[in-house]
Amino acid sequence: MIKIKSIFNQIITTIKESTKSLSLLIVVLASGCSENKAPAFQQSELSPGGTMTVKRLQKQSYIHPGAAVTGMQKMNFWTGFSFFRDPWIASPSSTKSRDGLGPLFNTRSCISCHDAGSRGPMAEVGESMPTSLVIKLGVRDKFDDSNHQTKKSKSIDKLTLVDPNYGDQIQPRGLLFRHPKLEHAPKGEALLKLSYQTIDGRYADGTLYQLSKPKYQLTKMAYGDLADHIGLTPRFAPNIFGAGLLDAIHVDDLLAQEDIDDNNRDGISAKYNRVLNIATGTLDIGRFSFKAKHPTLAQQIAAAFRNDIGITSRLFPTESCTEQQIICQQTARLGESSIDNNHHQTSFEISDKLFSLVVSFNQLLGVPPARNLTTEKVLKGREHFYQLGCQQCHTPSYRTDKNYPVEVLADQLIWPYSDLALHDMGEMLADNVKEDDANGQEWRTPPLWGIGLQKSTTKQQRFLHDGRANSISEAILWHGGEAEQVQKKFTQLTSNQRQELIKFLQAI
Ligand code: HEC
Ligand code: HEC
């Protein structure tokens with residue numbers, strides 16, 4: 001479904017040019033379109049991943065191949081899975097295919113952050129060495145350049161994009177590489193101190209609610225302070241199924257939704273992040289991670305291998321040691337085994353072949369089938385979803401590119417409920433850190449398919465970029481910025497209507 005928004009865009013720009021007296025009508029038209037009536041229910045909504053929907057409902061885990069996956073592909077899927085699940089170990093070891101962990105790292109396996117292909121476990125309150133909650137670092141958005149110049153006489157363009165001491169992510173663990181020249185492991189970078197502040201609120205019907213606003217602080221920092229211009233951006237590991245299908249959406253179908261200057265005046269813009277595609281060297285549309293930093297699933301996975309586990313690959317051939325991290329660098333050098341005469345690395349800690357198996361695994365993960373989507377209550381919730389205007393960012397459906405090279409992912413009618421675009425979500429959700437074209441208040445709309453199964457897969461419910469919301473309603477209540485009007489409308493629903501909406505979100 002291409003949003004009506006982009007069509008409005010064109011009409012409105014044309015009208016705007018011809019006469020201004022129509023602007024009132026335009027506003028009426030545009031806001032009218034946000035209060036959409038729900039479109040007729042389609043049978044395909046029951047299989048949100050098309051033929052890549054998982055055959056039978058599985059409540060314990062999101063890790064199942066899509067129904068269309070057969071034969072050889074299924075073998076690749078399960079082999080890839082073993083490299084997602086099994087812990088990586090220190091090198092040198094006798095298990096060459098699984099060594100190379102560290103020198104600095106967050107955890108030893110993908111699954112320890114993406115439990116059951118999902119999210120969790122959440123960091124504890126107080127001081128801890130978190131696993132799934134990753135503290136990334138980036139340039140602060142509201143960094144005052146002039147102030148900095150007087151203090152250290154450095155201009156903003158001389159400032160590094162990552163922290164000089166810590167790089168772009170806090171890796172709390174360091175590993176000793178067994179070598180006669182090395183006595184110590186590099187020090188883990190820092191611990192996280194997490195606390196929450198309670199915020200009280202009230203629905204229009206008088207019902208009270210509470211939200212927990214997290215506060216993040218680094219402690220036991222092993223390599224000095226962060227640079228002045230660097231800020232923290234916490235990210236709680238997201239669901240990973242369906243990513244192959246999101247990769248297979250044609251870029252034109254995404255760009256048709258772009259509305260950077262909000263030309264249709266509905267109060268909601270949509271901006272795509274433009275990011276470096278490392279494999280091709282081009283600037284592409286970002287689709288993956290919370291600020292859409294990575295244009296392809298493969299690049300997202302290679303970044304995870306390097307930043308989270310310390311495993312180098314063709315796309316990210318160097319370890320994440322900064323110049324200040326001497327032991328990390330020494331360890332990395334001793335670990336490099338295959339350098340040719342031109343100082344080019346010829347092999348990586350994960351070979352191209354194993355890497356592509358992990359990509360296949362992630363790509364072929366199926367989407368859970370919808371649950372109880374056609375009961376009366378849920379269908380009423382479906383009405384509210386469209387009437388409130390949730391679909392303005394949570395784009396319900398797409399048909400994937402019919403020429404996408406992986407056949408089972410091509411030409412599928414899918415229901416992810418996301419435009420994969422960036423939106424200003426207000427100050428309360430802001431990390432105040434930039435990432436490519438994404439500013440400190442912008443986040444990528446996450447897909448909503450399958451979120452209702454989180455409780456049964458991981459025994460917890462955690463939503464939003466840093467997992468601060470403990471329920472779907474909390475997640476909606478946190479919506480601000482461009483989504484503030486929609487959030488307000490949510491708080492004006494009756495308790496019954498709210499329940500209906502939540503039931504719908506649990507069913508898709
Ligand atoms: C230390 C915890 C951690 C580990 C280990 C980890 N991830 Fe992630 N993963 C995350 C976080 C956090 C994000 C969000 C990153 C961001 O916003 O920059 C993420 C994002 C992703 C995404 C993007 C999903 C989306 O919709 O944008 C995929 C796919 C993914 N990880 C797959 C993997 C694979 C495969 C591995 C193993 C190679 C892995 N991850 C290892 C924490 C982890
Ligand atoms: C202006 C765009 C926009 C609108 C309108 C919008 N959302 Fe969102 N939604 C987002 C973004 C962006 C996030 C991610 C925010 C974050 O992680 O901090 C999000 C996150 C969510 C999440 C959490 C998902 C997860 O896995 O963490 C849920 C649930 C959700 N939205 C439901 C809704 C519902 C229901 C509505 C309508 C009442 C709605 N949204 C309206 C943009 C929007």
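Good morning. Helices in this talk are DSSP runs of H or I with at least four residues, numbered from the N terminus. With that convention, α8 gives the most to the shell around ligand 1, contributing seven residues. Please bear in mind throughout that the structure is a predicted model.

Let me describe that shell further. Ligand 1 is surrounded by 28 residues, and the closest are C110, C113, A237, S289 and A304. Two or more residues each come from α4 (110-113), β3 (133-139), α8 (297-309) and α10 (352-364).

I turn now to helix α9, which spans residues 326-335. Which of its residues are buried? They are C328, T331, A332 and G335. These four lie on the same side of α9, because they cover an arc of only 100° around the axis. As to their partner, the buried residues of α9 pack against β1 (104-105).

Finally, a word on confidence. The average pLDDT of the chain is 89, and 88% of the residues score at least 70.

To summarise, the shell around ligand 1 draws on α4, β3, α8 and α10 with two or more residues each, and the buried residues of α9 pack against β1. Thank you.

Key: Residues are numbered from 1 along each chain as its sequence is written. Chains are lettered from A and ligands numbered from 1 in the order in which they are written. This is a predicted model: local features need pLDDT of at least 70, side-chain atom pairs count only at pLDDT 80 or more; totals for chains, interfaces and linings use all residues. A residue is near a molecule or strand if its C-beta atom, placed from the backbone, lies within 6 Å of it. A residue is buried if 20 or more other C-beta atoms lie within 10 Å of its own, exposed if 12 or fewer, and partly exposed in between; C-beta atoms are placed from the backbone. The arc is that of the directions from the helix axis to the C-beta atoms. Two residues are in contact if their C-beta atoms, placed from the backbone, lie within 7 Å. pLDDT is the predictor's confidence in each residue, from 0 to 100.
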